[in-house]
Amino acid sequence: SFDERFRAWINTYLDDDTAEHDGTRDFRRALNRGFQLAAMRSVCAAVHNHRYLLPLAPIDLPDPDVFAFRETLRETAAEVRSLVSSCTNSADKSLDEIETLLNFTRRCNRAGNDRERLERVLLAAKPSKKVNGNKKNWDPPEHCTRQKEIRYELACELERIQQELRAAALVGILPLAEEFVRDYEWRRRGAGQAEFEDLLIWARDLLRDNPHVRRDFQSRYRCIMVDEFQ
């Protein structure tokens with residue numbers, strides 16, 4: 001069954017302790033970026049259900065520069081920190097949000113040169129574009145406006161980084177999903193089994209790829225009537 005083959009296939013990556021196995025790096029990258037096995041099964045199922053479109057076209061989607069983002073984060077967080085002394089009311093809602101930002105910056109810094117750890121920290125964050133701060137509690141009030149602008153821009157940039165990290169991970173596992181689908185089909189053929197879609201796809205491929213078969217049918221039939229063509 002599909003699930004039996006999926007479990008056997010996924011175990012080839014889970015049991016592989018080296019990065020030499022084809023696709024292991026992309027598989028582990030997806031796991032590191034939060035793709036659970038259930039999500040990978042959904043990707044494989046989607047490719048399987050649309051296998052008449054194979055082969056998949058290659059997609060060039062480079063990873064975002066997470067270290068460049070962290071450097072931007074450090075600089076902007078330092079500017080926000082320098083503005084905090086302008087807040088004259090300790091109950092201003094922006095102060096808790098700023099502390100959250102500073103703690104997030106510290107976690108990113110602790111990741112050091114470990115890219116995978118930094119990615120996990122970035123993806124675990126929950127960027128919010130709703131930034132608080134009352135100008136009446138700031139002197140000068142322009143500093144309140146500035147810290148809100150900075151935090152809003154950071155939230156937008158973090159959201160973009162998260163989307164790009166997940167998108168790149170998905171693109172990386174699509175070829176692995178195609179590998180699974182082709183292997184699953186090969187095993188069905190070997191066992192003399194076929195799903196309904198197989199009958200349609202194999203018939204199409206036979207006519208498309210074999211000119212001798214195509215000429216034979218062309219000589220035997222002048223036209224084909226298709227009932228309920230969709």
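Helices in this account are DSSP runs of H or I at least four residues long, numbered from the N terminus. The model is predicted.

The largest nonpolar core holds 25 residues. Within this core, Phe69, Leu73, Phe104, Cys108 and Leu122 have the most contacts. Four helices each supply at least two of its residues: α4 (66-83), α5 (93-110), α6 (115-124) and α7 (141-190). In soluble globular proteins, nonpolar side chains tend to be buried together.

Neighbours within four places in sequence aside, Leu122 is in contact with Val66, Phe69, Phe104, Cys108, Leu158, Ile161 and Gln162. Of these, Phe69, Phe104 and Cys108 are also listed, like Leu122, among the residues with the most contacts inside the core.

Ala30 is another residue of the interior. Helix α2 (residues 24-32) contains Ala30. Ala30 counts as buried because its relative accessibility is 0%, and the limit for buried is under 20%. Not counting residues up to four places away in sequence, Ala30 touches Phe35, Met40, Ala169 and Ile173. For a sense of scale, Ala30 and Val226 are 196 residues apart in sequence, and their C-alpha atoms are 43 Å apart in space.

Glu178 lies in helix α7. With a relative accessible area of 12%, Glu178 is buried. Leaving out residues up to four places away in sequence, Glu178 touches Val47, Leu54, Pro55 and Leu56. A polar atom of the Glu178 side chain lies 3.3 Å from the backbone nitrogen of Leu56.

Two of the residues that Glu178 touches, Leu54 and Pro55, are joined by a cis peptide bond, with omega near 5 degrees. Pro55 is found in the loop between α3 (37-49) and α4. Asp139 and Pro140 are also joined by a cis peptide bond, where omega is about 5 degrees. Pro140 belongs to the loop between α6 and α7.

The next topic is charge. Side chains of opposite charge can pair when their charged atoms come close. The model has 26 salt bridges. One of them joins the side chains of Asp3 and Arg41, at 2.6 Å from N to O. This pair links distant parts of the chain, since Asp3 is in helix α1 and Arg41 is in helix α3, 38 residues apart. Asp3 is partly exposed, with a relative accessible area of 32%, and Arg41 is also partly exposed, at 31%.

Asp205 takes part in two salt bridges. In the salt bridge with Arg204, the closest N and O atoms are 2.9 Å apart. In the salt bridge with Arg208, the N to O distance is 3.2 Å. Arg208 and Asp205 both lie in helix α8 (residues 196-209), 3 residues apart, or about one turn of the helix. Asp205 is buried, with a relative accessible area of 18%, whereas Arg204 is partly exposed at 31% and Arg208 is partly exposed at 48%. Elsewhere, salt bridges that share partners join Arg25, Asp26, Arg29, Arg33, Asp63, Arg115 and Glu119 into one network.

The surface also has a nonpolar part. Leu14, Leu31 and Leu37 form a nonpolar patch there, with about 210 Å² of accessible area together. Leu14 is found in helix α1 (residues 2-14). Leu14 counts as partly exposed because its relative accessible area is 39%, which falls between the 20% limit for buried and the 50% limit for exposed.

Terms used. Residues are numbered from 1 along each chain as its sequence is written. This is a predicted model: local features need pLDDT of at least 70, side-chain atom pairs count only at pLDDT 80 or more; totals for chains, interfaces and linings use all residues. Side-chain values use heavy atoms; hydrogens and water are left out. A nonpolar core is a set of buried Ala, Val, Leu, Ile, Met, Phe, Trp, Tyr and Cys residues joined through side-chain atoms within 4.5 Å. Buried means under 20% relative accessible area, exposed over 50%, partly exposed in between (1.4 Å probe, protein chains only). Contact means heavy atoms within 4.5 Å. Patches are made of residues with over 30% relative accessible area and no salt bridge: like charges are joined within 9 Å, nonpolar side chains (Val, Leu, Ile, Met, Phe, Trp, Tyr) within 5 Å. Accessible areas come from the Shrake-Rupley method with a 1.4 Å probe; for residues, only the protein chains shown count as cover. A salt bridge is a side-chain nitrogen of Lys or Arg within 4 Å of a carboxyl oxygen of Asp or Glu. A polar contact is a pair of N or O atoms within 3.5 Å; within protein, one must be able to donate a hydrogen and the other to accept it, and residues adjacent in sequence count only if both atoms are side-chain atoms.
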